[in-house]
Amino acid sequence: MFNMKRLIISLLAATVCLSGHALERDLESMEVHKFMCQGNERLYYLYLPDGLPEDAPLVIYINGYGTQLMHQTEFYRVADKEKFAVCIPAAMRDTNGEYGWNVGYNMQKGYKVDDIKFLVKLAKHLQKEYGFSRKNVFLTGHSNGGEMCYLMAYKRPDFFKALAPHSGLTMKWMYDDLKPKKAVPLIEIHGTADDISLWNGVPDDQFWGPYISVPLAVANWAIAAGCDHETTERLPLGSPDAKQVIAHKFSSDTNGGVEVHLYEIIGCGHGLYTSDLDYAQTVWDFFSKYLE
């Protein structure tokens with residue numbers, strides 16, 4: 001069962017990597033940067049669009065389980081247009097022997113790496129080194145990276161201006177043991193036919209560990225933000241073969257403008273397909289609401 005899941009995740013990740021528009025810049029020549037944290041050498045890519053202004057926003061993208069470093073060309077494309085920097089850090093090998101962010105999976109018992117501390121420390125380093133905005137730093141990620149977004153929302157809601165998990169889960173231990181400390185702008189994009197991160201949750205999952213449903217995970221943050229209004233919109237199909245996307249947007253006139261969104265992609269699996277939704281642009285459009 002585990003090997004099959006690993007294979008599915010690897011194939012989907014390759015699809016994500018190869019999708020999108022070709023970039024003029026030779027990605028193969030991009031330098032792999034090194035950063036020390038907690039005595040560990042951590043790796044990351046850094047994409048700097050031409051003409052990046054001073055005090056530019058920073059978007060950190062974290063990949064899914066089993067992936068060390070992978071370019072996200074769709075985010076680079078949007079960064080070129082919108083002028084923000086993109087950092088793609090690598091997870092370390094966990095106690096299961098795979099590259100994985102420490103989100104408390106069942107098979108990560110005994111794993112001591114503090115990825116919350118690493119991501120915050122890395123962002124602060126990049127802000128100091130490159131003059132990025134001290135306020136406008138955002139976090140997004142796929143699958144295991146999405147779980148990390150949810151954990152960050154609980155642990156450091158003061159640091160990232162907004163978060164965007166994609167095919168991410170809220171582990172039951174997070175929901176039971178942690179409470180939202182403040183309102184956090186958050187957008188989740190998730191396929192209803194995801195067979196790895198199931199839409200309806202799994203209360204007795206023995207591999208990853210129990211996790212709650214996607215609607216409940218998002219509602220948790222909508223309630224924390226004091227959202228008292230929901231709008232639902234069926235987005236126009238991007239192509240004849242595209243899957244239907246339903247955007248649920250939770251807001252309030254009295255909570256300072258904090259919104260929580262859920263993009264429900266009907267019949268979509270665990271992957272990322274721009275024919276259904278321009279994920280990178282959708283995420284940036286949400287993030288840009290909170291620029292200072």
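At what angle do helix α4 and helix α6 pack, and how far apart are their axes?

Modeller: This is a predicted model, in which local features need pLDDT of at least 70 and side-chain atom pairs count only at pLDDT 80 or more, while totals for chains, interfaces and linings use all residues. Residues are numbered from 1 along each chain as its sequence is written, and side-chain values use heavy atoms, with hydrogens and water left out.

Helix α4 spans residues 144-155 and helix α6 residues 214-224; they pack at about 25°, with axes 13 Å apart. (Helices are DSSP runs of H or I, at least four residues, numbered from the N terminus; axes are lines fitted to C-alpha atoms over the stretch in contact, and angles run from 0 to 180 degrees between N-to-C directions.) Therefore α4 is roughly parallel to α6, a term for angles under 35 degrees. Tyr150, Ala153 and Tyr154 of α4 meet Ala217, Val218, Asn220 and Trp221 of α6, where contact means heavy atoms within 4.5 Å. By class, six of these residues are nonpolar, one is polar and none is charged; Ala, Val, Leu, Ile, Met, Phe, Trp, Tyr, Cys and Pro count as nonpolar, Asp, Glu, Lys and Arg as charged, and the others, Gly among them, as polar.

Asn144 also lies in helix α4. Asn144 is buried, at a relative accessible area of 0% (buried means under 20%, with a 1.4 Å probe and protein chains only). Beyond its neighbours within four places in sequence, Asn144 is in contact with residues including Asn63, Tyr65, Trp101 and Val103. The C-alpha atoms of Asn144 and Val103 are 7.8 Å apart, although 41 residues separate them along the chain. The Asn144 side chain reaches the backbone nitrogen of Trp101 at 2.7 Å.

Definitions and conventions: Helix = DSSP H or I, 4+ residues; strand = E, 2+ residues; numbered from the N terminus. Parallel < 35°, antiparallel > 145°, perpendicular 65-115°, else oblique. Buried < 20%, exposed > 50% of the residue type's maximum accessible area, 1.4 Å probe, protein only. Polar contact = N/O pair within 3.5 Å; in protein donor to acceptor, adjacent residues only side chain to side chain.
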